[in-house]
Amino acid sequence: MKISTTLSAIAAVVAMCFSGQIKAQDNVATLPYEITFDSADAAATWATINANNDGYKWEYSSRGFTCGVYSSVVEHADDYAISPAFALEEGVQYEVTYDVYRYASATNPMSGAFKLVGSRSEVDPAAVELEAFSTTKTSSDPKTFRFTATAPGVAYIALHVTSVSNSGQLIFRSFSIAKIGNVAVPGAVTNAVVKPYAKGEKKASIAFNAPAVDSQGAPLKGTVNVSVYREDDESPLMAFTD
């Protein structure tokens with residue numbers, strides 16, 4: 001018998017598989033990384049792609065680092081603002097904080113997503129969505145999300161705007177990313193007892209305590225998934241959450 005435990009974390013888990021290649025001139029940014037787009041020079045450190053070539057794109061103006069999605073935009077926006085390169089480590093959790101809001105009210109909300117991508121010069125078809133957003137805010141509104149890299153690699157984070165026509169102008173005020181640490185691995189189960197039934201019946205009762213701490217002894221945060229297997233069976237005999 002073997003007992004397997006995993007932790008259902010709140011953060012998104014990301015397997016990195018990129019089509020793009022990091023170019024030699026693309027310096028890898030040091031973590032923690034933080035930027036406020038308060039100048040044209042700051043905005044220029046992020047690459048931009050106007051994927052639908054509609055005449056509207058990310059640009060720096062007196063209002064800041066902005067992307068317009070006006071009534072003349074056909075259907076919806078398809079614009080990327082792409083970070084410098086980041087070296088991500090397998091099994092490590094990262095925290096991203098961003099601040100996006102609209103310059104003024106408009107008919108439709110501003111929407112888009114932050115994505116993990118492998119190129120700054122072309123749209124990556126293997127992009128992985130990390131955090132979607134939709135906002136009608138017209139003032140600073142910082143948000144935070146976390147993700148875990150399940151493979152080592154160098155990648156970029158893109159802000160992809162997909163708002164429908166007549167959504168106004170999105171302002172990208174600031175962005176930061178920091179390494180939080182390794183993902184928690186549940187500790188061992190305790191007080192495991194297998195008690196056979198009486199009179200030679202081919203049955204047994206199994207009792208144990210699911211782990212309350214991780215492999216380093218710190219309290220677990222999240223739901224513990226427990227699976228019990230018979231010898232080398234691939235499918236669990238039973239499974240539950242604790």
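The side chains of Arg-146 and Glu-95 form a salt bridge with an N to O distance of 2.9 Å; the term covers a side-chain nitrogen of Lys or Arg within 4 Å of a carboxyl oxygen of Asp or Glu. Arg-146 sits in strand S12 (residues 142-149) and Glu-95 in strand S9, so this pair links distant parts of the chain, 51 residues apart. Arg-146 is partly exposed at 37% relative accessible area, and Glu-95 is partly exposed at 25%. Buried means under 20% relative accessible area, exposed over 50%, and partly exposed in between (1.4 Å probe, protein chains only).

This is a predicted model, in which local features need pLDDT of at least 70 and side-chain atom pairs count only at pLDDT 80 or more, while totals for chains, interfaces and linings use all residues. Residues are numbered from 1 along each chain as its sequence is written, and side-chain values use heavy atoms, with hydrogens and water left out.

The whole structure holds three salt bridges. Another one joins Lys-179 to Glu-89, with the closest N and O atoms 2.9 Å apart. Lys-179 belongs to strand S14 (residues 168-182) and Glu-89 to the loop between strands S8 (86-88) and S9 (92-102), so the pair ties together parts 90 residues apart in sequence. In the bridge between Lys-143 and Asp-141, the closest N and O atoms are 3.8 Å apart. Lys-143 is partly exposed at 39%, whereas Asp-141 is buried at 18%.

The protein has one helix and 18 strands, taken as DSSP runs numbered from the N terminus (helices H or I, at least four residues; strands E, at least two). Of its 242 residues, 38% are buried.
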